[in-house]
Protein chains: 2
Amino acid sequence: MEKNTKSYTATWIWYPGDFEIRLHEKMSVVRRARGVMYPAYWRLDRNYSNIKFRYRYELEQEEQIHVMAEGTFSFYLDGKDNYRSADSVITIPAGRHEISISVFNDIETPALFISGPTVWTDSKWEVTSYQNDWKQAGSWTFDTPDNPPSRFRLSTTPHEPTSVTIHDGYPLLDFGRETFGYLRFHNMKGTGTVRVYYGESMAEALSPEECVTLDRFEARDASKGGENEIYTLKEAKAFRYVWIHADPEVSWGHISMLYEYVPVEYQSSFECSDPKMNEIYEMSLYTLHLNTREFFLDGIKRDRWVWSGDAYQAFLMNYYSFFDLDVTRRTLVALRGKDPLTMHINTILDYSLYWFISLYDYYQYTGDFEFIQQYYDRAVSLMDFCLKQRNEEGLVEGRQEDWVFVDWADFNNDGAVSTEQILLVRGLEAMSLFASLMGEDATAKNYSVLGEEIKSKTLRLFWDDEKGGLLHHRVEGETKPTLTKHASMFAMTYDYLSPEQRDSVIRNVMLNPDVPKIRTPYMRFHELAVLCESGAHDFVRREILSYWGGMIELGATTFWEEYDPSLADDAHYGMYGVKFGKSLCHAWGAGPIYILGKYFLGVTPTSPGYETYRIAPNLGGLEHMKGTLPTGAGQVSVEMDLSTISVESTSGTGILTFSSSESPVCNEGEIREVGNCSYEVTIEAGKKYRVSYQLMK
Amino acid sequence: MEKNTKSYTATWIWYPGDFEIRLHEKMSVVRRARGVMYPAYWRLDRNYSNIKFRYRYELEQEEQIHVMAEGTFSFYLDGKDNYRSADSVITIPAGRHEISISVFNDIETPALFISGPTVWTDSKWEVTSYQNDWKQAGSWTFDTPDNPPSRFRLSTTPHEPTSVTIHDGYPLLDFGRETFGYLRFHNMKGTGTVRVYYGESMAEALSPEECVTLDRFEARDASKGGENEIYTLKEAKAFRYVWIHADPEVSWGHISMLYEYVPVEYQSSFECSDPKMNEIYEMSLYTLHLNTREFFLDGIKRDRWVWSGDAYQAFLMNYYSFFDLDVTRRTLVALRGKDPLTMHINTILDYSLYWFISLYDYYQYTGDFEFIQQYYDRAVSLMDFCLKQRNEEGLVEGRQEDWVFVDWADFNNDGAVSTEQILLVRGLEAMSLFASLMGEDATAKNYSVLGEEIKSKTLRLFWDDEKGGLLHHRVEGETKPTLTKHASMFAMTYDYLSPEQRDSVIRNVMLNPDVPKIRTPYMRFHELAVLCESGAHDFVRREILSYWGGMIELGATTFWEEYDPSLADDAHYGMYGVKFGKSLCHAWGAGPIYILGKYFLGVTPTSPGYETYRIAPNLGGLEHMKGTLPTGAGQVSVEMDLSTISVESTSGTGILTFSSSESPVCNEGEIREVGNCSYEVTIEAGKKYRVSYQLMK
């Protein structure tokens, strides 16, 4: 058998998705509003408590296996289920046999770990929730008996404050920048109450009555240990500042924190001639990293929830930075949850649709078909659910109970919203691809035909020749005259427009000051991407410097949920009618990672998993830039100034494309002219290419 | 407000069904096979962990409420969810307001208890699982803060063994009859291992290698307490005998048990001229009582699971004995479980269908519309699921993954089985009734029309004029020639046959020795009912005496899962290829409760909740009988001998029907002749009626 030739690699296994779904259940209730639980307001799905594993083996001689379970287990052989064992060491007979193991756990996800000379648990085992659903068991990196999935915790490391000052007689600690973790009191003494006020801003920490996050404990609970004892608060929080109000009798040595994080690898770099842009890039990476946790969060203070639309962008940023696929997969699985589907993901129509597109992107960037395969049926049922919600014209609409979000903006989302149709079409293209990967050609065709139908219907019903873009929505068979940027933007992103329509959208919609401005980094992400798609890199560079640079000017150490330059001072910190309601560390604030990686360094996969890819570097007004981007199997390095482009990669085959006003020169590869001052060079892995060119004016 | 006029009645509330579903999850894994877990092999549903309650109040002045939750809670007012409280005492303002309380609990069912002068939790509160599903909160009898739903336990009381004898040097305890509970060791001393072998029969207890149930513990764990200390084993078991093997150093004062039970009220009685029949009746009551637990179980040793077909019968027996509606409702809710429906209840097609019929019976016997209303949507979705599984002819069939059970018997259930169609028709009648109670007349009509269609199709396709009954199944459009009793029996029970067909079924099917005999008490239940429906009481009486009396002859103290008089000695105890595999205390063994109550004493509701009912007593060869039956609101007493019938009731209006060969006399009511020697007397509550009659020969 194949396995006999492998080295020992037993791992904990479970029902696929249930580790992620259980973790998501836990993490969805850690948000606090002034010390009080603020749970996510959608159905939280739960792992199955009662499952059964099976495995068929063939052995020349009997062997002893060691069995461990999270939960109660029950082992039997060859379907003889009246003859069970719960022994931790079991001798399995020689010959061909089938092992069955029931595991029940009504607290944590039931999981199993078996190790033996040739038989052990891994993803070759199958598992059922007793619904006629034998599936490949879920597993990850829990490869030792004493590290079961329920004990999963992020990494931690101690950090010290950068300053301690006294305000109104109480110490205010500054950790230098936004951070996340557990506050620690060293060598605490005395009795009395300690109150901790956290702030993402100093103003927030100094507002005991209005700060969003706070803590409170009795000093005697903290001072039970001896000398050098460290008392670590129970709950991790997002903050830069903490203001400590302790009763007079309470004292301590000093205060530090335990920074909690996913140990991602910073696989990208970007450095250019503009130090402000470099600062924006580094701050974006840190903002994304803080939100890269058990799952991709929207923000670490608020909501600390997993939102599909937010995650869609975090996924893309991640492909251009950490390339951490574990967090990506956990997030995709948690968002999809379980059946029955009665509400949209996060209750939002667009957020169900982003899920398909995120999965599509996952496949493009990673080429990981196994994951697609494992969750294909959940994708099919989610699409069924979405398709059921189309109106008589065949356009998708929100139901009474659905939230049609699109963006934080004052527009009416009644009826069929054009943006939703565009997202649905992209979702159907994704499903068509997945179906064809699964070998279901007829299904693939159906998805594809339906997508084309809805696409052309959408362009027919929403395109306004006079206004030169897609109108916003259509109510009871009548398209309303409102023009917004969103649908046109997505239609450009997914390449659904003719060249004439693209030109018109850029001129009449994107750059038209009469069309309502986009104020969230969330939609600026798409806006700037679209502007880059049409070559407006210089404009985008200036926008980034002004918008993200503007937050830095105001003292940001991570990027915000929303930024309106017109607000004054502390007014920036408010949102949703709450004085410090805004999240100052929001994943969607980290968009420059994506824009600079994809459109300035210019690297994009052109086949799944970067087997082939495109490098189209664009200085966009910078004098020089250099950077590295991960491609999964390896990396691509790009360096460019006004006359030289250097490229090197470690895997796959790239096509370098660039423009030059004079004939370029490359000694390491053949330059092909592909049109009006445009050139290409094929980039083979393991070789450094240097092109001399002349920047177009 | 209405509530202000009521006395203080705060109670724990939860998401409807979730108390039952959580309890069912726990109870479905307590079965053991020689000490090893043997969980139910269907999907176990779980309570929602994240829910929200709401309540609108109007107060003239503010008041303090006390808040307790099982889980973490978070209180807010008027939708202002950024301003939350987790305080246990909260002052709520005067005026009209809406309270919202999120409760999260990922171990037990989230539940809430609020008490205040005028505001408190009860079934007027609403609850959501965040699926746009505001529902009336679930509640029961958890009416004090310190008695939350998660602490629900059955009652216990100490019992002593009736004898202790020594076998092979080890003590064998006999508790006199089958029982259930926790073994207790008094004043245990010494160290060593104690092994306990349980037996429903003495043979089983004396077979350490083959008894199904056993225990094992270390004496030092039991001897930690001082004098008179009692060590109670952790797990409750079904047994009559226990054989104790302790290591030599271990000693104890004596051994007893803690009998665990639901404190039902024995609301029925039956006493007649045949002592054997009286013994059968009492033993039936005890058999049913032992199986009346958190839910109606199939058997207390095996499977200790909740099976819908078994419960269908237990429900009916219960209406003629304990009339315990709590266990009934818990069982109905647990069986239905949650969506999505992917498999049938207990994986069995017929068991899904019995659920509707059980709910129908529940309404007939109790008139409790509120319960129907609360679970109507779950009934609708279960019927949708069943109706999807019809073949091209519109007949319901088992899918590849379904079990089509009907009965333990050697017949082929391929294709469309006639019994399943009859059960589906009855289910559709039930759904039609429920829909019309819900005011959904069009839906009611649809169910009813569909039911009629399937009924006439079934009679047309399966009735065999020559054989005089319904054939068993139809494969690929061809009805197979197999004749079984089952479909004809159910068609008679539900009154789907013409008088000629009924006669034919009795003669050519039920009493025909060439048709395969029914060997399970499960189907004997229906068989004897049908025979009574056609007046064969005397035959039924003799069958009961021989079949149930036969088990008593063999030493039964409760009735068995199956009984084959032709077996010898210990062979009776085996089943499923396991030497002591048979359950000797099986709910479906208690059928005489139903037969004697419904067909001998003769009491049946003729409108929901016994507002009106029929009393048709029949001695069936007995010389006299007397008994009492519960009717929910009250009871009916019936006494009859060869020349007198006495009847008394406490509520509702009854019709006494009987036959007499001479003109009967009744001083308390008017006798109406309704046909050939048949008479009726209307029975008003609170009055005793005495009829002199002459038994028909």
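This is a predicted model: local features need pLDDT of at least 70, side-chain atom pairs count only at pLDDT 80 or more; totals for chains, interfaces and linings use all residues.
Start where the chains meet. The contact draws 46 residues from chain A and 45 residues from chain B. About 3900 Å² is buried between chain A and chain B, and carbon and sulfur atoms give 58% of that area. Polar links are present too. Across this interface, 22 residue pairs are in polar contact, both residues at pLDDT 80 or more. On the side of chain A that touches chain B, helix 1 (18-27), strand 3 (36-37), strand 6 (72-77) and strand 8 (95-104) each supply at least two residues.

Charge also crosses the interface. Two salt bridges are counted between chain A and chain B. Arg22(B) and Asp106(A) meet through their side chains in a salt bridge, 2.8 Å from N to O. A network of salt bridges links Arg22(A), Glu25(A), Lys26(A), Arg46(A), Glu108(A) and Asp106(B). An arginine also meets a ring here: Arg84(A) lies over the face of Tyr38(B), 3.8 Å from the ring centre. Within chain B, Lys338(B) lies over the face of Tyr48(B), at 3.1 Å from the ring centre.

Now turn to salt bridges within the chains. Over all chains, the whole structure holds 79 salt bridges. Arg195(A) pairs with Asp247(A), and their closest N and O atoms are 4.0 Å apart. Arg195(A) sits in strand 16 (residues 193-199) of chain A, while Asp247(A) sits in the loop between strand 19 (237-246) and strand 20 (255-261), so the bridge ties together parts that are 52 residues apart in sequence. Arg195(A) is partly exposed, at 26% relative accessibility. Asp247(A) is partly exposed as well, with a relative accessible area of 29%.

Lys301(A) and Glu204(A) form another salt bridge, 3.0 Å from N to O. Lys301(A) comes from the loop between helix 4 (275-291) and helix 5 (308-319) of chain A, and Glu204(A) from helix 2 (residues 202-205), 97 residues apart. Both Lys301(A) and Glu204(A) are buried.

In chain B, Lys579(B) bridges to Glu210(B), with the closest N and O atoms 3.7 Å apart. Lys579(B) lies in the loop between helix 14 (537-553) and helix 15, and Glu210(B) in the loop between helix 2 and strand 17, so this pair ties together parts that are 369 residues apart in sequence. Lys579(B) is partly exposed at 42% relative accessible area. Glu210(B) is partly exposed at 38%.

Ser207(B) belongs to the loop between helix 2 (202-205) and strand 17 (214-218) of chain B. Its relative accessible area is 14%, so Ser207(B) counts as buried. A polar atom of the Ser207(B) side chain lies 2.7 Å from the backbone oxygen of Ala203(B).

The whole structure contains 120 aromatic pairs over all chains. The ring centres of Phe371(A) and Tyr375(A) are 5.0 Å apart and the planes stand at 45 degrees, so this pair is tilted. Phe371(A) and Tyr375(A) share helix 8 (residues 369-387) of chain A, four residues apart, about one turn of the helix. Both Phe371(A) and Tyr375(A) are buried.

Phe525(B) and Tyr594(B) give a stacked pair, 4.7 Å centre to centre with 15 degrees between the planes. Phe525(B) is in helix 13 (residues 521-533) and Tyr594(B) in helix 15 (residues 592-601) of chain B, so the pair ties together parts 69 residues apart in sequence. Phe525(B) is buried, at 2% relative accessible area. Tyr594(B) is buried too, at 5%.

Technical notes. Residues are numbered from 1 along each chain as its sequence is written. Chains are lettered from A and ligands numbered from 1 in the order in which they are written. Side-chain values use heavy atoms; hydrogens and water are left out. Rings of Phe, Tyr and Trp (its six-membered ring) pair if their centres lie within 6.5 Å; planes under 30 degrees apart count as stacked, over 60 as edge-to-face and the rest as tilted. Buried means under 20% relative accessible area, exposed over 50%, partly exposed in between (1.4 Å probe, protein chains only). A charge sits over a ring if NZ of Lys or CZ of Arg is within 6 Å of the ring centre and within 35 degrees of the ring normal. A polar contact is a pair of N or O atoms within 3.5 Å; within protein, one must be able to donate a hydrogen and the other to accept it, and residues adjacent in sequence count only if both atoms are side-chain atoms. Contact means heavy atoms within 4.5 Å. Buried area is the accessible area (1.4 Å probe) that two parts lose on being put together, summed over both.
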